[in-house]
Amino acid sequence: MTARELTLDDIESLAVGAWVLGTGGGGNPYVPLLNMRALYKQGHRAHLIPASDLADDDLVAGAGGMGAPLVGAERLGDPYTIVRAVRTMEEHIKRKFTALMSVEIGGGNGVRPLMASALMKLPVVDSDPMGRAYPEGQMTSTAIGGLKPSPLALVDVRGLESVVHSTPNAKWTERVARKICVEYGSTAIMCAPPRTGAEIKKWGIHGTTTKAIAIGHAVREAQRRHEDAVAAILAVEPGVLLFKGKVIDVARRVTEGYLRGVLRLDGSDDFRGVSARIDFQNEWIIAYRDEQPLAMSPDLICVLDQVSGEAVGSETIRYGQRVTVIALPPPEIFLTPKGLDRVGPRAFGYDLDFRSVFSS
Amino acid sequence: MRRIGIDVGGTNTDAVLIEEGKVVRAMKAPTSEDVTTGILASLKSLGSTGLLTGKKVDGVMIGTTHFINAVVQRRNLTKVAALRLGMPAAASLPPFCDWPEDLAALVCGGVWMVEGGHEYDGRPFMPLDEAAVTRAAQEMKAKGLKSVGISSIFSPLDPTHERRAAELITAVIPDAIITCSSDLGRIGLLERENAGLLNAALADLSRDTIAAFEDSIRESGIAAPLFITQNDGTVAEASQARRLPVYSFASGATNSMRGAAYLSGLQDAMVIDVGGTTTDVGQLKNGFPREANSVVKVGGVRTLFRMPDLLSIGLGGGSHVQLDPLKVGPLSVGYKLLKDGIAFGGKQLTTTDIAVASGLLELGDRAKVAHLDAATCKKVFDESARLAEEAIDRMKTEAGDIKLIAVGGGAFLIPDKMAGVSQVIHVEHGDCANAVGAAIAQVSGECDQIFKDLSRVEAISAAQGIANDRAVAAGAARATLSTIESEDMPLAYLPGNSVRVRVRVVGDVAGS
């Protein structure tokens, strides 16, 4: 394996880029970043490998968090609990992992496997099963590929360890895991069902850690030069500007371990006199312009700070903030009929046919 | 309505007397090293004008950069004991973990992390380990620590663990000054904790400063209550400002922008405030400074304060001028302008000397700067204007030329024609805009309570009504009230569809 040692600067960029790909959810990577800074200061290092370097019989652990980002902002999180989730799974399947992977590149989970990588001396695969963030475990390329939906390990910092041993499909894993997560306090660290190298090579969404680093690097460079950071993202990614405006209302509620709600915006600049609304379930799901659907999942809807270009999360966005909304293209697999079944607007309860911002 | 507004800046202390909405008198005195001498001098000279004889003053409103400067310049800070309730969570990221090292070294008197805290739905995360809190308090006492910052997981939803811990500490250290993070409020443990620790670090300075302000007023013979201006353009009574000095952090900038709006009658414009040491550029929207969006760092510490979005550059009336090669700022003579400037017999060439030489200002001794010819002065003014233009351009949110209000003691550095500006507006008393902003500071009303059996819309509307009534009771004109913060949080664990709503409204002081 040609593992690349990540620099702290790479990880700083990853945190910014993963937050953009988090599309409002996934939790702010700031806390995982702080943990990485502390780990690097103690001399630990994280490594990255491309999926193509995996042997077919390698065993890959998807390690990350689930639950409401709001809770993560209070409970923070530490590297040892992530290691414990991976060890819990190893004890359960009586095999050792040879690599780690992100369970979703968007948000804090884009950085969390690096926390375990630094302590466990295992490389992180430059792939993930979402290419963004999504609220539910079956909204993944691995579930679309029909890979085994269990077992799944869930741990809590207070010494709680659970394994969902066997389920018929990913939706059931999600339902049962969600109940455990809610009992833990709507936050849990998980180890996803183990995958072989061959499975990841076939079903993973590849190069996503590198992509997030590139987006973050573009934003940070633009900030440093006092240039337009949103334009910098659109220069490295084929995205579309959707809206500019000010937050006039955020309605949110915590149900079933999700943060659901509606964001309302008043247009500014070229969008003066226009209103926008974005519905969210942790992530931004559907954006409307004057109540007409404008963009929807699986297209990535990113709400960014107008000045810094950094992402604004659904749990922290507030009245009066000035934001720019852009769309980024989704991973190809989500545009297939099977993909749209799982992550299209109907999967979130909207009676709408998917229309991509990018299809015109 | 008669108010005295005072702004204590790094270079000058400005004071204005406002009666029935008009600036009756404005004065400027150098800021003294002990701060209060300048305030006392201003108040005494206001008194000596006879303008106040036999008249009632409704309030002395003081805006000060004292607290934020203490953090930025790392001086006069109190050692703080940090107590976090939430173990075993977050153990890898203890209090002070994301502070700049130099500031943490100055402020951190010790960190204690014990079991406690809540879940998002109000269940305890862990029972509060009271014995551990008492042990921590004894260790704090042994170290001679008196200022304590307490944080707890989800304390904005349920502050009981923080309050109980405060009681337990007070039992061990009766004169402890305690900041609970729930008083500063939002979700986000690290940022809330940081705000609390900064507040605790200002405990001694805030006690001494507010006492000195009160002494100055008493000594000047003016019988009026003291108010301290806050970041959001409102005022707080002295006792509250003493307890929560962090809320006064950015009031200087807010005051000058509000003062500029008031003096110019404009609601939307760019404001450039040229002080002695720095120039702040910000944008007025509807008469208020546009707020910074992202997490605000104070002295390198990440917080969730609402602050005006400002760009500061090192340009002002006291800026050092170097002629070959040409350089203006960022160094400044600061409050020593009237001593160290060449026109005043000192040795340091400043932008004020250039203004005196070119006849723009009548200050000091013009003969002492007679050697500076017109071409030299023009070069320095051009360079200052270039620095200002660059800053204005960076703060613009849309293309096209904008109106610019130039205020502050160094506003003479802003020419009438500038790139990207449709009109430069200089206003009467503009050199004291921040004191004017302090004098016209608004009154606020807040409602923060749990509503049951109401829809979200009904609950917010009820909270708004209560906040409005409170603002009016505190002296605001109802027609001018506007909502500046509105936040609601569902409390799933309480019966009957409970929601906690926090609404803050502000309004202008009603005319009497």
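Modeller: Let's start with helix α10 of chain A, residues 229-236, which lies across β12 (240-255), β17 and β18 (322-328) of chain A and runs at about 5° to β18(A). Helices (H or I, at least four residues) and strands (E, at least two) are DSSP runs, numbered from the N terminus. Angles go from 0 to 180 degrees between N-to-C directions, with axes as lines fitted to C-alpha atoms, for helices over the stretch in contact. Contact here means C-beta atoms, placed from the backbone, within 7 Å.

Bear in mind that this is a predicted model: local features need pLDDT of at least 70, side-chain atom pairs count only at pLDDT 80 or more, and totals for chains, interfaces and linings use all residues. Residues are numbered from 1 along each chain as its sequence is written, while chains are lettered from A and ligands numbered from 1 in the order in which they are written.

Now the sheet. In chain A, seven strands make an open sheet, ordered β16-β15-β14-β13-β12-β18-β17, with antiparallel pairing; two strands pair if DSSP finds at least two bridges between them. At the edges sit β16 (292-296) and β17 (300-305) of chain A, each pairing on one side only. On average, neighbouring strands of this sheet are turned by 35° against each other, direction ignored.

Zoom in on one pair: β13 (residues 258-267) and β14 (residues 275-281) of chain A are joined by seven bridges in the antiparallel sense. For A:G261, the bridge partner in β14(A) is A:F280.

Methods: Contact = placed C-beta atoms within 7 Å.
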